[in-house]
Structures are given as C-alpha cells and as structure tokens.
Amino acid sequence: MTEPNQLRPASVLLSTTKYLLDKIATRTDVDWIVVYDFVFDRLRSVRQDVAIQRINISMSIQIFEPIVRFLVYSAQRLCDRRVSEFNAKINNQHLSECISHLLVLYDKSHNKTDLSNLDEIMEKLALSNNREEMEAIHILLNMGNEEALRRALGLAPDLKRSVDIQLSTKISLAWYLKNYARVCSLIRQLSPILVCAAMINIQNIRRAALRIMSSGYNSKVLTFPGLALQDLLLYKDIDKVRADCELFGLAYTDQNVLFQKASFKDEAQSANTEAYYTPRTLHRFLPCILLGPM
C-alpha cells in the first residue's frame with residue numbers, strides 16, 4: 001500500500017497528467033467547472049511533486065506543456081462564469097508561472113544539449129514542435145510586452161521560421177503599436193489553442209480600442225455602426241457591444257455608437273468578458289487541444 005506522502009516517480013506524474021486531461025477533462029456528465037476544479041487541484045499537486053523531486057528537464061517539459069494548454073483552454077472555456085465559480089486571475093497567475101518555468105526549461109535544455117550525443121539530439125528534436133507552440137503562447141499572453149518581444153525576436157532561426165511564432169510576433173508588435181484593428185484581424189488566423197491564449201487579453205484590447213476610437217471618431221452627431229464594431233473587435237454577440245459601450249460611458253442607440261472623448265469612463269479598467277468559441281465548439285477540440293502532439 002502506498003504511503004500518503006510518498007513521492008510519485010516521474011513516469012507516474014506524466015501518466016497522471018495525461019490521464020487527467022485525456023479522460024477526466026473530456027467528461028460530459030458533469031458541469032465542466034467541476035471538472036476544472038478537480039483537474040486544476042490534481043495538476044497543482046503534480047507540479048509540486050515535480051519541484052520537490054527536481055525531475056530531469058525533458059520529463060519536466062513533457063509534464064508542463066499539457067498543463068499550460070489546460071490553463072489556457074480553461075481561461076477561454078470558463079471566461080463567462082461568475083467569479084465565485086471561476087477566478088480568472090488565479091488561473092492566469094498559475095498560467096504565467098507555468099509558462100515562465102517552461103521557457104526556463106527550454107533554455108536549459110538548449111544549453112545542455114551535447115551535440116555529440118545522438119540520444120540528446122533526438123530528444124531535443126522531439127520537443128521542438130511543442131516548443132514552437134509554447135513560445136507562441138508566451139508571446140500572445142504577453143502581447144505588446146517589450147521583454148517578451150525581445151525574446152521572440154532573439155529565438156533561434158529554426159524557431160523563428162515557425163508560422164505560429166511569426167504570426168504571434170506580428171500580433172504582439174501590432175499591439176505594441178496599439179494597432180487594434182490589425183491585432184484582431186490576425187487573431188482570426190491563429191490555431192484554436194493560440195486563439196484561446198490571445199483572447200485572455202481581449203478585455204484590455206477592447207477597452208484600449210474603444211478609448212482610441214473615442215478620440216479618433218469623436219463627434220456630437222456622427223455615429224459608428226455597432227455591427228462594424230462587433231466585427232472589428234471580435235465580438236460574437238451584439239449585446240456585448242452594447243454592454244461595453246454602457247460600461248465605458250458611450251452612447252449606444254439602434255445598434256450605433258456615438259464616440260465622444262469627454263464621455264469615456266477611464267475608471268472602467270477592462271471590458272466585459274466574452275468567449276470567442278461556444279462551449280460546444282471548445283469541447284470538440286478536446287482532447288487534442290489539451291494534449292497536443294504528445
């Protein structure tokens with residue numbers, strides 16, 4: 001019988017992670033918030049065991065990659081839930097910690113690779129595809145951040161040739177320049193897991209865009225079509241456009257927005273939450289979106 005506090009071997013931690021995401025996270029017989037709470041708690045335990053045992057770099061990477069996917073996916077799947085059910089701030093905090101740790105592991109793996117050791121070279125190649133996705137997620141989570149952009153632009157040539165990394169870098173650069181129209185246009189071109197990562201920033205993107213438009217389209221008479229704004233800023237529901245306009249003090253009448261710089265409410269820190277995908281669509285992505293090409 002296993003002792004309660006006995007540490008689990010690395011292979012068990014990896015298989016536990018895969019089981020949680022492949023078998024538990026895909027359940028449909030209970031509310032997914034219940035699934036999330038269970039899986040989140042167990043994955044936190046896995047991370048603690050990894051840290052205590054100082055598991056080797058390769059195995060740690062294989063464990064942390066699906067955990068990052070789970071946290072990114074959960075941020076999108078549960079973004080419309082009440083804060084009493086799902087705390088996005090805590091989820092994003094854990095996500096930030098995991099992706100940062102994962103990048104450190106990638107860097108260590110790269111620096112420790114012995115080019116004369118065929119096994120190490122093959123192991124590194126096996127991790128490469130996943131790293132492209134993880135680096136892209138990091139870029140999108142830190143959209144417009146100078147340090148994240150420097151890392152992206154300083155990646156090895158083989159990584160920078162990745163379509164995901166190139167597109168994510170373009171989005172980050174566009175947001176650095178506050179080109180919200182280009183940001184939203186490029187987000188549509190991302191793969192589902194990367195859309196989920198980018199949408200973590202959508203509340204701030206919409207707030208900033210509406211603030212900019214309040215100056216650029218400032219008028220006492222002329223209005224901006226609400227449907228055009230819906231398409232421009234990736235809204236799925238026109239009622240969300242209305243809700244955000246009311247939140248930021250913008251007049252909204254007959255699905256038209258009256259932008260006025262003086263009316264914009266700066267005290268409102270972010271727009272309302274809204275999922276890019278429907279729950280049914282998100283569920284169809286499972287388990288592929290969580291486990292990836294493992």
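Predicted model: local features only at pLDDT ≥ 70, side-chain atom pairs only at ≥ 80, totals over all residues.
Let's start with the rings. The count comes to 12 aromatic pairs. Take Trp-32 and Tyr-73. Their ring centres lie 5.4 Å apart, and their planes meet at 70°. Planes over 60 degrees apart count as edge-to-face, so this pair is edge-to-face. Now look at where the two residues sit. Trp-32 belongs to helix 2, residues 32-53, and Tyr-73 to helix 3, residues 57-77.

Next pair: Tyr-36 and Phe-86. This one is also edge-to-face. The distance is 5.2 Å centre to centre, with 80° between the planes. Again, distant parts of the chain are linked. Tyr-36 is in helix 2, while Phe-86 is in the loop between helix 3 and helix 4. The two are 50 residues apart.

Are these two buried or exposed? Buried means under 20% relative accessible area. Tyr-36 has 5%, so Tyr-36 is buried. Phe-86 has 4%, so Phe-86 counts as buried too.

Which residues form one aromatic cluster? The members are Trp-32, Tyr-36, Phe-40, Phe-70, Tyr-73 and Phe-86. Both of our pairs are in that list.

Rings also turn up beside charges. The charged end of Lys-178 sits over the ring of Trp-175, 4.7 Å from the ring centre. The charged end of Arg-206 sits over the ring of Tyr-235, 3.8 Å from the centre.

Arg-206 takes us to helix 11, where it is one of the buried residues. Helix 11 covers residues 202-216, 15 residues in total. From first C-alpha to last, helix 11 reaches 20 Å, close to the expected 21 Å. Its buried residues also include Ile-202, Ile-205, Leu-210 and Met-213. What do the buried residues pack against? Helix 8, helix 9, helix 10, strand 1, helix 12 and helix 13.

Last stop, the largest pocket. About 470 Å³ of space lies in it. Its lining has 21 residues. Nearest the pocket's centre are Ala-88, Asn-92, Ile-200, Gln-203 and Thr-273. Which helices each supply at least two residues of the lining? Helix 3, helix 4 and helix 11.

Key
Residues numbered from 1 in each chain as written. Heavy atoms only, no water. Helix = DSSP H or I, 4+ residues; strand = E, 2+ residues; numbered from the N terminus. Expected span 1.5 Å × (residues − 1). Buried < 20%, exposed > 50% of the residue type's maximum accessible area, 1.4 Å probe, protein only. Contact = heavy atoms within 4.5 Å. Phe/Tyr/Trp six-rings, centres within 6.5 Å; stacked < 30°, edge-to-face > 60°. Lys NZ or Arg CZ within 6 Å of the ring centre and 35° of its normal. 1 Å grid on protein atoms, 1.4 Å probe; cavity = no way out; pocket = protein on both sides within 12 Å on 5 of 7 lines; lining within 4 Å. Points joined across faces, edges and corners; volume = space filled by probe spheres on them.
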